[in-house]
Amino acid sequence: MTASRYVYAIGRALEPADLAGLVGIDGAEVHPIAHRDLVAVVSAAPADEAALRARLERLDELAVVAEAHHAVVAAVATQTVVVPFRLATIYRDEQRVGEVLHERYAEFSALLDRLTGTVEVGVKLYAEDRAPAPVTPSASGRAYLQQLSQRHRRRDEKWQHAAAAVERVDSSLGALALDRSRHRPQAAQLLGVAGDNVLNAAYLVPAGRLTEFTDLAHRLARDEPALRLEVTGPWAPYSFTEPDHGDRS
Amino acid sequence: MTGEPAPAVPGPWHRFATEPETVERDLARLALTIVELLRQLMERQAVRRVEQGDLTVDEEERIGMTLMLLDDRMGQLLERFGLAREELNLDLGPLGTLLPRD
Amino acid sequence: MTRAISERGVALIDVLDRLLEGGVVLTGDLTLAIADVDLVRISLRALICQVEADRDDVGRQP
């Protein structure tokens, strides 16, 4: 039995009974490690570190680990405010986890206070997928270059329009949110969906204003024919775990 | 290709048939992605120079013909390996995709 | 939490965005911080190893 512990999240006032039945990576039982009112949600980590590392480099196995991790975070988040951890934070033993809780007590407490009563909403915008006109064989090299030039210009215009629309939506939604964060745009190859992802943002929203927020998002998207909207969540506040996250850019 | 619905891990990567030629096809796809990257970079550079107006008529003609032939050759290679141009790409994680989607 | 927003299951790509780029980052005891995982290698390997992945038929829910 390995002593090392995989950490999923930190919360408050969680009893073992609250985590009963929850399993994490490789089916390991999830249990709490407490220090004062802080509780780390952990499970026994996979024993073979090298093997886990190798797994994380394969998309399909990474997916299994990610889903197990997320399932634990999501389940605990239904009960109490949590600070989710990034994938694969592992400590040598339970004592070390306790020490981390002790060392970072003030920081985690402040974070939990800030995140109480909030949810994260994901907003993704896609630029409409107008396929560029195919480049036709030309009679001359110069004519071909002219075609290419036009194509590039049209593409630039498309991006400019999309960017302006994104700014409009983002600033309106940002006004309703407590905080916002951007992830990198999602690669189309991974999505198999139409259009390019031009905004992949997360907004921290008071739980009581969730419906108002999503209604606004849909209204804004209706006014932007160049964009397609996708709303995800509500999520545990993965994107807002930095203590001084006051960045609104 | 088998035409089965793609499994849950997203992406067109799962459209491969489980046949021996697939490995060769995958390697061809990687190689052609790099070639396509170079072709697009050259195209971009050429367009920029045309717009700046610092090419002679002869140069425009020569460069345009070269790019046209390159594009044609790429089409032939894609056909030979049964690849669509949209399949040529690499996701570089935090760096986004290697090639722009359009 | 309400289900008002999405009836569909959670998309893997959205989970990965949050688990690989979000969440608290602490230096664990094992040198397994996700920052060490070469995300470029993930893509290249996924590309080449897809035949194996299909055969394994992990069969996850979308």
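Which strand of chain A does Ala44(A) lie in? Ala44(A) belongs to strand E3 of chain A, and that is where this tour of a predicted model begins.

**View 1. Ala44(A) in strand E3 of chain A.** Is Ala44(A) buried or exposed? With 20 other C-beta atoms within 10 Å, Ala44(A) is buried, because a residue counts as buried once 20 or more such atoms surround it at that distance. Look for Gly27(A) as well: 17 residues separate Gly27(A) and Ala44(A) in sequence, and their C-alpha atoms are 9.4 Å apart in space.

**View 2. The two faces of helix H3 of chain A.** Helix H3 covers residues 94-103 of chain A, and its buried residues are Val97(A), Val100(A) and Leu101(A). Why do these residues sit on the same side of H3(A)? They span an arc of only 100 degrees around the axis, so they share one side of the helix.

**View 3. What the buried residues of H3(A) pack against.** Follow the buried residues of H3(A) to their partners in chain A, which include strands E1 (5-12), E2 (30-35) and E3 (38-44). Strand E5 (90-91) and helix H4 (105-115) of chain A are partners too.

**View 4. Helices H5 and H7 of chain A crossing.** Two packed helices are described by the angle between their axes and the distance between the axes. Here, the axes of H5 (residues 141-176) and H7 (residues 210-222) of chain A come within 10 Å and cross at roughly 165 degrees. That angle makes H5(A) roughly antiparallel to H7(A), and the crossing is right-handed. On the H5(A) side, the contact is made by Val169(A), Ser172(A), Leu173(A) and Leu176(A). H7(A) brings Phe213(A), Leu216(A), Ala217(A), Leu220(A) and Ala221(A). Sorted by class, this contact has eight nonpolar residues, one polar residue and no charged ones.

**View 5. The helices of chains B and C.** Chain B has two helices and zero strands, and 21% of its 102 residues are buried. Among contacts in chain B between residues at least 6 apart in sequence, 55% join residues at least 24 apart. Chain C has three helices and zero strands, running α-α-α from the N terminus on. Of the 62 residues in chain C, 39% count as buried.

Note on methods. Residues are numbered from 1 along each chain as its sequence is written. Chains are lettered from A and ligands numbered from 1 in the order in which they are written. This is a predicted model: local features need pLDDT of at least 70, side-chain atom pairs count only at pLDDT 80 or more; totals for chains, interfaces and linings use all residues. A residue is buried if 20 or more other C-beta atoms lie within 10 Å of its own, exposed if 12 or fewer, and partly exposed in between; C-beta atoms are placed from the backbone. Helices (H or I, at least four residues) and strands (E, at least two) are DSSP runs, numbered from the N terminus. The arc is that of the directions from the helix axis to the C-beta atoms. Two residues are in contact if their C-beta atoms, placed from the backbone, lie within 7 Å. Axes are lines fitted to C-alpha atoms, for helices over the stretch in contact, and angles run from 0 to 180 degrees between N-to-C directions. Angles under 35 degrees count as roughly parallel, over 145 as roughly antiparallel, 65 to 115 as roughly perpendicular and the rest as oblique. A crossing is left-handed if the near helix is turned anticlockwise from the far one by less than a right angle, and right-handed if clockwise. Ala, Val, Leu, Ile, Met, Phe, Trp, Tyr, Cys and Pro count as nonpolar, Asp, Glu, Lys and Arg as charged, and the others, Gly among them, as polar.
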